[in-house]
Amino acid sequence: MKLPLFIARRYFSSKKSALVAIIGKVAVLGIAVSTAAMVLILSVMNGMNRFVAERFWNMDADLKIEAVKGKYFEDAGLSERLARLEGVQAVSCVLQDQALLACGEQNVMIRLKGVDSAFGMVSDIRAQVYSGSFDLSHDEHAAFVVMGGGVYDQLRVAPGQGEACRLYVVDGNLLNGPFAMQQAVCSFPVYASGLFSTIPEYDNQYVFCHLDLARRMFKSENALSAIETKVEPGYALKDVKKRIREELGDGFTVKDRMEQQQAMFKSMKVEKLIVVAVFAFVMLIATFTMVADQMLLMYEKRRDVAILASMGLGKGKLRRVFFLNGLLVCLWGTAAGLLLGSLLALGQQKAGWVKLGGGSGNYITDAYPVWLQPSDLLLVLCIGLLVGTFASALPLGQVNVFAGKPAEKE
């Protein structure tokens, strides 16, 4: 192995004819550019995914408890039991379902989410309010709600300006009899106290109200749709999750933030796999130049091959010489691409060179979010080595042709 590697290193670093040298440089450049592009694209995807996930996590609790069967479940002291568990810092009771919000001639289907006073401790919702305040106070005649920015765009109800809307909820169990519709529809006047903004999935459909109002609208006196909890700092999430499962039994599911948005995170992983497959194919195409470089190098060194074969160096070792030379070309290009891609990604991550909208401030974030992960660098390196191994082995059959011929005279 030492002799083929020694010869391969000499071929890699020695002077070659102008054509072979140019094609060799183009091969290294092609591999480096495709590698750097893959690192950059994966880092941008990581940054986008992380940014979206953080926007979700501003609203989602650390752990969410729901019933395995049925839409609602009775509290029956569950929240008090959970609050006493080790590692649980705060507990909030939630009741949410579909409703209709109407204002004037405009109306929109919403997700009405009733929360108690502890909701601000398990969620970062107050920090997401950009207009008005997070006020859910209510009485027998009217109530304040906090609506998403997307809901506001459809209704144009500015907070704090005294314009009332009405909440409508239909109870399907009462849709019988001559006066069914009047009995089944429950309505209540509400005022917008504030507007929040996170991501479209929440902004376009969520309206927050007090838990008591939600129970009144949905005619569920002691019902909950979920219990949301915050884990105390210093405690492992999985340990607290295990304690809650043991406390509640098999009738409830306990979901962390990843599991609460399972569909979204799965789609992100699939998108990343598709991008990796596409760029692996691009890298494979880039190595075709390396194949041409290998074949030209074999032709240029045909006299050396014939001499080495006549001196007893077997065809297997001769093939290994050019195989290792191809790997060196691939490693050099891959290493250069990893370095270039990492520097560009880290520069964008730290300095934010590329701005969104020219840095006008009209976007949620000023610069394209980028997050460089070491695991991605390892993945790109492995793909580069696999592609390089294939490309290096592809033209090796040509060695047998030159090894079987007598050495040409200069």
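Modeller: Before we start, a contact here means heavy atoms within 4.5 Å. And keep in mind that this is a predicted model.

Biologist: Got it! What share of the contacts with a separation of 6 or more comes from residues 24 or more positions apart?

Modeller: Such residues account for 80% of those contacts in the protein chain.

Biologist: Nice. How many helices and strands are there?

Modeller: The protein chain has 16 helices and 12 strands.

Biologist: And is the chain compact or spread out?

Modeller: The radius of gyration is 32 Å, well over the 22 Å that the globule rule gives for 410 residues, so the protein chain is more spread out than a compact globule. Its C-alpha trace spans about 105 × 50 × 45 Å along the principal axes.

Biologist: What percentage of the residues count as buried, then?

Modeller: That would be 46% of the 410 residues. The accessible surface comes to about 21,200 Å², and carbon and sulfur atoms make up 59% of that.

Biologist: Switching to charges: how many positive and negative side chains are there?

Modeller: There are 43 positive and 38 negative ones, with the centres of the two sets 18 Å apart.

Biologist: Let's zoom in on Asp 97. Where is it?

Modeller: Asp 97 sits in strand β3, which covers residues 88-103.

Biologist: Buried or exposed?

Modeller: Asp 97 has a relative accessible area of 11%, and buried means under 20%, so Asp 97 is buried.

Biologist: Which side chain does the Asp 97 side chain make a polar contact with?

Modeller: That of Lys 71, at 2.8 Å. Leaving aside residues up to four places away in sequence, Asp 97 also touches others, including Tyr 72, Arg 111 and Phe 218.

How values were computed
Residues numbered from 1 in each chain as written. Predicted model: local features only at pLDDT ≥ 70, side-chain atom pairs only at ≥ 80, totals over all residues. Heavy atoms only, no water. Helix = DSSP H or I, 4+ residues; strand = E, 2+ residues; numbered from the N terminus. Rg over C-alpha atoms; globule rule 2.2 N^0.38 Å. Buried < 20%, exposed > 50% of the residue type's maximum accessible area, 1.4 Å probe, protein only. Areas by Shrake-Rupley, 256 points an atom, 1.4 Å probe, with all protein chains shown as cover. Lys, Arg positive; Asp, Glu negative; His and termini not counted. Charge placed at Lys NZ, Arg CZ, Asp CG, Glu CD. Polar contact = N/O pair within 3.5 Å; in protein donor to acceptor, adjacent residues only side chain to side chain.
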